[in-house]
Amino acid sequence: MSTTSDARRQQIEAKRAKLAELRKAREERQREANRGRQDGPSTPRRAGQGEVDDFVNSILRESRGPSAGIDSGDLTPSSSVPGTPLLGQATLPHSHSIGNGSGRVSRQSDIGSDRISFGGTTLGGVSNSATDSVMEREMVPRFVPDLIDIEQELFELPRKERVIYNKEVQTMAVETETQTPEEDNFRRRTLTEAELEALQAARDKELEEESVQLDKEIEEEIREIPPEELAGILSAPELLEFVDSTTKMFYRALNGYDYTRDYRVGAETGSDESEGRVKRVCEFFDEHYGKNRSITDVDWSPQYPELTVASYNKNPAALNEPDGIVAVWNLHLLQKPEFVFHSQSDVLSVTFSPFHSNLVFGGTYSGQILLWDNRSKHLPVLKTPLSASGHTHPVYAMQMVGTQNAHNLITTSTDGTVCSWLVDMLAQPQETLELIHAGHNKTGEVAITTLDFPDNETTTFWVGTEEGNVYQANRYDRAGAKAGLNQYDVYKGHSGPVMGLHFHPTSGSVDFSDLFLTSSVDWTVKLWRAKSLAKPSTAPHPISPLYSFDEADDPVYDVKWHPTHPALFGTVDGSGKFDLWNLNQDTEVPIVSTSVGSGRALNKLQWDKKDGRRAALGGSDGKLYVYDIGDVAMPRESEWTDLQKTISSIVGGGQMNGIADGDSMKIVAGR
């Protein structure tokens, strides 16, 4: 406890000492301030006071003489000290008072002296009992200090800010402020008229110099073109065609007409309503991947309607590039493919997996089946071996069948082999089926070029062959039919290889799933009705088509039913035409015929799986075209019943389009 009190006492003593030092310093500052005021200038005398003093001193000198010894500088003027007597009085009448009756004396008169001296003059009459000596006293003027009022403001200097730099401050992006319109207007208003005129003159001069320079450059460029080259440019067919088409569009626009109409498109159809129905959405082509290649197959993504895939064959001029290419294109990215996959052999067929959005399957010219994953690199993640257990010939057709939990990839090759694969195991096929026909002369193999399953069917399928016939086959043994090729029911009608085969989709109120279309290099498209599987034939029985569409002038490489419109289907041919057919409107000619691209052959056609408004067309020039058919894809409610009537009229119409009535009646009876 004593230690704490001692520490407290020491602190108090230290504070008192410090307070005393502060007080002492303050008193010294006050003394210095007072000393500075005393050293300052005295109060100035009144005007004329010096002259009066000089006059009084001169009178005194005259009265006393030169021996008086009185100097004007030793006397204090009477006017400066109130109550002092005049210098002309020799003695004081009384010994107790000195002055003129005012009662005021100086402090030296209190000592008891009986004589007072003014500058050497002694005044008697005053005696002191203590001493008889006479004290001479001199009047000294009292100093009156002049006080001066001083006002002083004390300022506290701001503390210097300490700046600390960090990474953010040093790497901060500096944005230059752009002048707002208000600032620009204010700046313009502040300029004088002379400055505005000077600026305007400078601008006019710069513009004039720039225009003169441009004129000189244009003249030099024009002079550099030789007359022969200029004449060749002006006479070029491309320039003439461009000028002709643009002038037509210009005049049509002036008249408020549809200036985009092209009368050369669809003129051969003979339909006045066909123009403007089909419009090109985009064109996909990459110079690096598509040069000197042809598109062999196309497909749309079931999960992403904007994605389409195309397979390409070999580029003979590029030895260091892969032989096969698969490109996934995006409708929102026209400059380059979304994904590019490589293959060691030409890719002849391609399809998206309907159950896995990342997987793409491809069939090659060597017979391998490849699986690509867009989450990995360009090379396939899985592929089949080149062995007798799989395909050893070109694979032109493949299709995924089944459901989400149980599905297989069915592939066919030109040696008549049909294989069934599990998606996650391509080392060997799950099933292998050899399609052999005993009626062939040299070999029993069936060279398959195309394949299709009817909707909701996973075991029975139809194949098109190089010989022009269509056959029905079974994956497994079933009631009344064995696995393999149906030897007796032969769909004969084409005189060349069958390039496309497609069954009618099951949509709408009427089921037309037994109808299928085929296209061939014999320039025809044929409509067929599949024979009932419940009554297989026990003897050779050729089946003829229901109808043949003979409008094309070139090989028809593909045909597809529309996914939502029952009577609509499309075809592509070797002249680069994309034809739309509507059986409810016309069975003789297509309702719309469109020339695509440069006129080179179109190899494949595929409708998008969302609503069927867009069609992807694969060309032999390596370009993938996407067309929109607009409202043509929207069916009416009566389209299904109208198609039923159309098919009935085709079947019961007797001999038409080269098909005998007896054959048609046999087909109906077979059902």
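Predicted model: local features only at pLDDT ≥ 70, side-chain atom pairs only at ≥ 80, totals over all residues.
**Entry 1**

I started with an open sheet of five strands, and I read its order as 16-17-18-19-23, with mixed pairing.

Reminder from class: strands of a sheet pair through backbone hydrogen bonds, either parallel or antiparallel. How do strand 19 and strand 23 run? They run parallel, and three bridges join strand 19 (residues 484–491) to strand 23. I found Val-490 opposite Pro-542, which is in strand 23.

**Entry 2: Ser-311**

Next I went to Ser-311, which I found in strand 5 (residues 307–312). Is Ser-311 buried or exposed? Its relative accessibility is 0%, and buried means under 20%, so Ser-311 counts as buried. I then checked its side chain and got a polar contact of 2.6 Å with the side chain of Thr-296. Leaving out residues up to four places away in sequence, Ser-311 touches several others, among them Ser-294, Ile-295, Asp-297, Ile-325 and Val-347.

**Entry 3: Ala-601**

Last stop was a loop: Ala-601 lies between strand 28 (592–595) and strand 29 (602–607). Ala-601 has 14% relative accessibility, so I put it down as buried too. Which residues does Ala-601 touch, not counting those up to four places away in sequence? I listed Tyr-557, Asp-573, Gly-574, Gly-576, Gly-619 and Ser-620. I also noted Pro-555: it is 46 residues from Ala-601 along the chain, and their C-alpha atoms are separated by 9.0 Å.

Conventions. Residues numbered from 1 in each chain as written. Heavy atoms only, no water. Pairing = 2+ DSSP bridges. Helix = DSSP H or I, 4+ residues; strand = E, 2+ residues; numbered from the N terminus. Buried < 20%, exposed > 50% of the residue type's maximum accessible area, 1.4 Å probe, protein only. Polar contact = N/O pair within 3.5 Å; in protein donor to acceptor, adjacent residues only side chain to side chain. Contact = heavy atoms within 4.5 Å.
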